[in-house]
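This report looks at charged side-chain contacts, backbone features and a surface patch in one protein model. Please keep the structure in view while reading.

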Amino acid sequence: VLLLAPDLKEELPVLFLRLRHAVTRDGASVVELAAQRTSSSELAQVTLLHRPGAVGEVVSALLAGSASQEVGGIEPSAIAQVAALLADGPVTVVLGRANLAESSDAPVAAAAAIHAAHPEVRFLSALRRGNVHGALDMGLAPGLLPGRTTLDDGRTWFRESGWPTVPSERGLDATGILQEAAAGRLDVLVLLGADPLADFPDRDLATRALAGARTVIAVDRFLTASSQQADVVLAAAGPTEVDGTTTNIEGRISTVSRKVTPPGTARDDWMVAAELSRLLGVDLGLTSPTQILDEIATLAPSHAGITPEIVQAHGGRDGVVAPLAPEERPELESASPSDPGVDPAAGEAAVAAAAVNTDEEQRAADAEATEAQADAEGEADHTDAEPPGATATAPPPPAGPTRPGVLAFTAPAFADAPPVDAYSLRLVAVRKLYDQGTDVQHAPGLAGLAAESSLRMHPHDFDRLGVDAGAMVTVSTSSGSVTLPVRPDLAVGKGAAAVVVGQTGPAIGSLIDAVAAVTEVRVAKS
């Protein structure tokens, strides 16, 4: 197992327990690449501490098998040792963003290099937020539509399947949205359970975005630092107050059920969306979570055939992994839901049978769907429109759109990290399980567990900078500065300065530039 991930014990503790079991009981070997040691280091056979921003260079050297000189702060002998370990057997990469103070381009570049050299390597996401994969599966990312398909591939399918509109162009990610709002080019900024002032790494950008947006609408369960600045706040129901599904990091879909009634005027998110849409003149046609899940099963390529009944029945509480394996898909029984005149529920089996097929299987499934559609329309015409004794002859249905495939990874272009500044340290910003987050602070038993913010450096850098352990120092970047105590820590690599975001004390986010490849800091006595 190759870890290119944050501290699993702090951010994904259940995955940490699974990894520990794999090491202690199943004989798995772990190699960790990180800018500082983590809780997973005790499980690792080797931990390579690299310079922030250099993980792509280190991975390239590992894939080459050797290096003639130091790479990213790692000696050639260590590169050769780990390269030999990775060559021993099948590899699974746990991939996530280990450092909030550097661009996500670095780990993506590392993953792209691994994928290009070894397409058989498996990747496991280490994204920390609850149901983040459910959101991604439903298209809440630039250039995606529901079902892990791209906007370009799925536009025709969704339009001809009944959606009145589909985005005409790729949208923006969170950083891009905040940049547009900060520049005054955004009329409405919707915070859907988001508190960018507390949670977005670049606090300066978040502050300017909330000030620059003409109207801010917050949909949330609590009043946060961000929602208190909103023009409109809509109360949302919480996770134990709704019916629906959640998707974990392996793509496993399981159900969630309402246990208590939402307080006051709080409503399900889908109800809020449907009501806002109605007031804006468009009826989304949403009536219940079951109806929404049926539409997902009908239209979303990766979720073809995963109906509410299948999710509830498949493996009890274990849920079902999307997409369905061929042997798990229902038999083709009806037409494509995109064809007119057919009940959408009757088309689910057709979608499931055709999902993730080869082109030949796709054509065969579409042909069967067309034949089934003709039969269904003929029966409907005979029953509902023709007089007794008449013979109904339905016209052939129009050709439906080609069902889009699930997206494949394409490596983007990457820029190299800037050269090392001899007068600065590179910032490592990480998260902990207990912080100043909204949910933690509204839990009386957890609210006091967030620690005081401090700066941690390798003892070698204390001598170089001439500062004393425990002294108050001013940490400065191009974005801002904070004053906090500094402590020696052998877990931090030389030339790095480590902080934890979301703790008590000064806001670490004021140091971070969201678009910078790395964050260089200057440390001076206060």
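Predicted model: local features only at pLDDT ≥ 70, side-chain atom pairs only at ≥ 80, totals over all residues.

Residues are numbered from 1 along each chain as its sequence is written, and side-chain values use heavy atoms, with hydrogens and water left out.

**Salt bridges**

A search of the whole structure finds 17 salt bridges, a salt bridge being a side-chain nitrogen of Lys or Arg within 4 Å of a carboxyl oxygen of Asp or Glu.

| Pair | N to O distance | Relative accessible area |
|---|---|---|
| Arg 208 and Asp 204 | 3.1 Å | Arg 208 40%, Asp 204 35% |
| Asp 439 and Arg 221 | 2.7 Å | Asp 439 46%, Arg 221 36% |
| Arg 278 and Glu 275 | 2.6 Å | Arg 278 49%, Glu 275 27% |

Helices (H or I, at least four residues) and strands (E, at least two) are DSSP runs, numbered from the N terminus. In these terms, Arg 208 and Asp 204 are separated by about one helical turn because they are four residues apart in helix α10 (residues 203-212). Of this pair, Arg 208 is partly exposed, and Asp 204 is partly exposed as well, where buried means under 20% relative accessible area, exposed over 50%, and partly exposed in between (1.4 Å probe, protein chains only).

The salt bridge between Asp 439 and Arg 221 has an N to O distance of 2.7 Å. This pair links distant parts of the chain, 218 residues apart, with Asp 439 in helix α16 (residues 438-441) and Arg 221 in the loop between β9 (215-220) and β10 (232-235). Asp 439 counts as partly exposed, and so does Arg 221.

Helix α11 (residues 269-279) holds both Arg 278 and Glu 275, which lie three residues apart, about one turn of the helix. Here too, Arg 278 is partly exposed and Glu 275 is partly exposed.

**Backbone geometry**

Most residues other than glycine have a negative phi, and most peptide bonds are trans. Against that background, the peptide bond from Ala 322 to Pro 323 is cis, with omega near -5 degrees, and Pro 323 belongs to the loop between β13 (320-321) and α14 (348-354).

Which residues other than glycine have a positive phi? Asn 131 is one of them, with phi near 60 degrees; it is placed in the loop between β5 (122-125) and α6 (132-137), and at a relative accessible area of 30% Asn 131 is partly exposed. Arg 148 is another, with a positive phi of about 60 degrees, and Arg 148 sits in the loop between β6 (144-145) and β7 (149-150).

**A nonpolar surface patch**

Leu 433, Tyr 434, Leu 446 and Leu 449 make a nonpolar surface patch of about 310 Å². Patches are made of residues with over 30% relative accessible area and no salt bridge, like charges being joined within 9 Å and nonpolar side chains (Val, Leu, Ile, Met, Phe, Trp, Tyr) within 5 Å; the accessible areas come from the Shrake-Rupley method with a 1.4 Å probe, and for residues only the protein chains shown count as cover. One member, Leu 446, lies in the loop between α16 and β15 (455-457).
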